[in-house]
Amino acid sequence: MTDSLLEVAGLGKRYPVRSGVFGFRELVAADEVSLSVKAGETLALVGESGSGKSTVGRCILRLETPSGGRVRLDGKEITELPESEVRKLRPQMQMVYQEPLESLNPRHPVGKLVAEPLFLHGIVPKSDIKRRVVELFRLVGLGEEHVGRYPHALSGGQQQRVGIARALASNPRLLVLDEPTSALDVSVEAQILNLLKDLQEKLKLAYLFISHDLAVVSMLADRVAVLYLGQIVETGPTRDVLFNSYHPYTRALVSATPVDHPRQKKRRISLSGEPTSPIDPPANCRLVPRCPFAQPVCSKVEAELASVDAHRSTRCVRFQREHRNGIWNPSE
Amino acid sequence: MDLPGIAASSEKAHSPQGLEQARESEEILRVEELRVEFHFPDSKVVVLAGIDLDVSMGEIVGIVGESGSGKSVTALSIIGLLRPPGVVTGGRVLFCGENLLDLGADEMRAVRGERISMIFQNPRASLNPVFSVGKVLREVLRLHSGLRGAAARSRAIELLSDVGLPDPETVLARYPHQLSGGMAQRAMIALALASSPQLLLADEPSTALDVTIQYQIIQLLSRLRKDRNLAQIVITHNLGVIAELCDRVAVMYAGTIVEEAPVGQIFDETRHPYTKGLLAARARTEGAGELESIPGQVPDMRNRPAGCAFHPRCAFATGICRTATPILEMSGARHKVACHRWKELA
């Protein structure tokens, strides 16, 4: 796919972890992660805590140095670039964080925080900065009266709007949104999700949307990549992945999401126990210790992410062997 | 699974008039006109403006609302854990007919330990980091059931396996930081159940947990209702958790209950504009497209709007909504709503 704005291939991130007196073991936070996002498109990276979804986002922005793999932005290889060159590319890719208050400097009025990237990257002439800040505030649904306020004097929703305005200041083409609404109240979350949708349409932004909330994902994302213990286990168009999941982990995730209505009946697939440690993960399929459908073959064969059709892929060994036209009912 | 403590503790002596006051035989908690203020050096802020709520044996009542709506303060006031600047300034908390607000600190501690328990959002933070799970559990068992030594240990193991912890003997030796979030919440629930309480207050019990673990905790609470007939108040901001778990729901906004009904009616016969807004605003896996958000934000309790506290955000507000506070009135056999215009809007 050459028209992708962001292309990631085989991205890995390993951390050494001290173990015992002399030994080191490896924590595999991201393993062979490949994905792509087009302009104006949202790819959701879904997973539970410890799945490595934030690490992937941070590696793409080079806030962390990946241990391996390639990241291309607009066809330009950025993996090997020195920090000084990456800095020049940063205006094009920005991040919005989960906790708006913690990501905003409490000592500055929010207008100054939004003006900062304008200064740093020389986006607009100095004389124009004030006008541009107000314009950005309007863009995210804030008014001129908010410019002089301090972060703590704003509500959670307003703080997140400032976070978004700050990310937009450098005219980025890609936003990495790391759980941007999970700290917000329901009514405010809806406002921010609608805002993100509008901004994407207006500015043709590409979103990498990191989330654990499938309901929110279904509302914002065009495509989904499901992450388990650092590996993508399933990718595809959002509705297909959520309503006809291939991988047992995706199925379990969908079935664990609370119902929309008390009368709604759901088929429940529960995983036993808790996610296995990402330190020295199992060699083959990482879900085997928890998977209700695991069979001996799952621990013997390497689980590879393989295409099922033009749009979808999964890492489940049994699915790949047993499915008929994308349908596999392991409980039968 | 069945525990001897339940039957025994419900037969404990109460004042005779207290028993009469319990209007239904199975009603276990009745909160009447509960008012709480926060007393600051320079001001007093009304945080709960008269809450009415009741819970029966084996019933799970959900309290849903956004941050600052007063859901946690309600639970803390019921169990007597409200701390300054919070002050209960009025109302009654009748537990098995007895007004808990009249009890002294020692008596209240006994109720809290033995008959009402509470679990919190962040289980690891509510466990003492320097004690192992086993140590804390044995201590609770010694205090409440007088169990010691091997008897306490085997009871502790029983409790841990009862809440679905695999390998309970290993868990006994662990410290809070050695537990995952889901395991810590299960351990907290085991602790809460150690005294065989009749009422469990759960404040956002699954919010800090991953989705698959959240569902396990929901299943566990649901099983406790069935197996032990345990009455529960579950506080959450997540309407999905409400839909999964609760029998009845109270919707709170700015320190008042604005609507209360059986869970099906809250979703199908929604009366209050705020409840309607909440239901429309939440992202759903089934739905797509634009969400209907509620304009504005939750009011600051120091500047509580006059009249109906929701009126500045309400699309249906008229003159009376700005001046008069609506009362929670019956709008159906089991449905209550606090809105001046619910009849016109229905």
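# Exercises on a predicted two-chain model

In strand 10 of chain B, B:Glu260 is the bridge partner of B:Ala250. The model is predicted.

**Exercise 1. Find how strand 9 of chain B is joined to strand 10 of chain B, and what lies between them.**

Solution. 
- Step 1. Count the bridges. Six of them join strand 9 of chain B to strand 10 (residues 256-262) of chain B.
- Step 2. Read the direction. These two strands run antiparallel.
- Step 3. Look at the link. The two strands form a hairpin, with two residues between them.
- Step 4. Check the turn. B:Ala254 has a positive phi of about 50° there.

**Exercise 2. Which strand runs parallel to strand 9 of chain B, and over how many bridges?**

Solution. 
- Step 1. Strand 3 (residues 60-64) of chain B runs parallel to strand 9 of chain B, and four bridges join them.
- Step 2. B:Val61 has B:Arg248, in strand 9 of chain B, as its bridge partner.
- Step 3. Recall the background. Strands in a sheet pair through backbone hydrogen bonds, in a parallel or an antiparallel way.

**Exercise 3. Work out whether strand 9 of chain B is enclosed or open.**

Solution. 
- Step 1. Use the cut-off: a buried residue has 20 or more other C-beta atoms within 10 Å of its own.
- Step 2. Take one side of the strand. B:Arg248, B:Ala250 and B:Met252 are buried.
- Step 3. Take the other side. B:Val249, B:Val251 and B:Tyr253 are buried as well, and both faces are covered.
- Step 4. Conclude. Six of the six residues (248-253) are buried, so the strand is largely enclosed by the rest of the structure.

**Exercise 4. Describe the open sheet of chain A and find its edges.**

Solution. 
- Step 1. Write the order. Eight strands run 6-7-8-3-9-10-12-11, with mixed pairing.
- Step 2. Name the edges. They are strand 6 (93-96) and strand 11 (306-307) of chain A.
- Step 3. Explain. Each edge strand has a single partner strand, so one side of each has no neighbour in the sheet.
- Step 4. Check one pairing. Strand 10 (residues 231-237) and strand 12 (residues 313-314) of chain A are antiparallel, with two bridges. A:Ser313 is the bridge partner of A:Thr235.
- Step 5. Helix 6 (residues 156-168) of chain A lies across strands 6 and 7 of chain A, at about 170° to strand 6. Helix 10 (residues 248-256) of chain A lies across strands 9 and 10 of chain A, at about 105° to strand 9.

**Exercise 5. Which helix of chain B gives the largest share of the side that touches chain A?**

Solution. 
- Step 1. Count the contacts. 35 residues of chain B meet 32 residues of chain A.
- Step 2. List the elements giving two or more residues on the chain B side: helix 10 (211-228), helix 11 (239-245), helix 12 (263-268) and helix 13 (273-281) of chain B.
- Step 3. Helix 10 of chain B gives the largest share, five residues.
- Step 4. Sort the chain B side by type. It has 15 nonpolar, 13 polar and seven charged residues.

How values were computed. Residues are numbered from 1 along each chain as its sequence is written. Chains are lettered from A and ligands numbered from 1 in the order in which they are written. This is a predicted model: local features need pLDDT of at least 70, side-chain atom pairs count only at pLDDT 80 or more; totals for chains, interfaces and linings use all residues. Two residues are in contact if their C-beta atoms, placed from the backbone, lie within 7 Å. Ala, Val, Leu, Ile, Met, Phe, Trp, Tyr, Cys and Pro count as nonpolar, Asp, Glu, Lys and Arg as charged, and the others, Gly among them, as polar. Two strands pair if DSSP finds at least two bridges between them. Axes are lines fitted to C-alpha atoms, for helices over the stretch in contact, and angles run from 0 to 180 degrees between N-to-C directions. A residue is buried if 20 or more other C-beta atoms lie within 10 Å of its own, exposed if 12 or fewer, and partly exposed in between; C-beta atoms are placed from the backbone.
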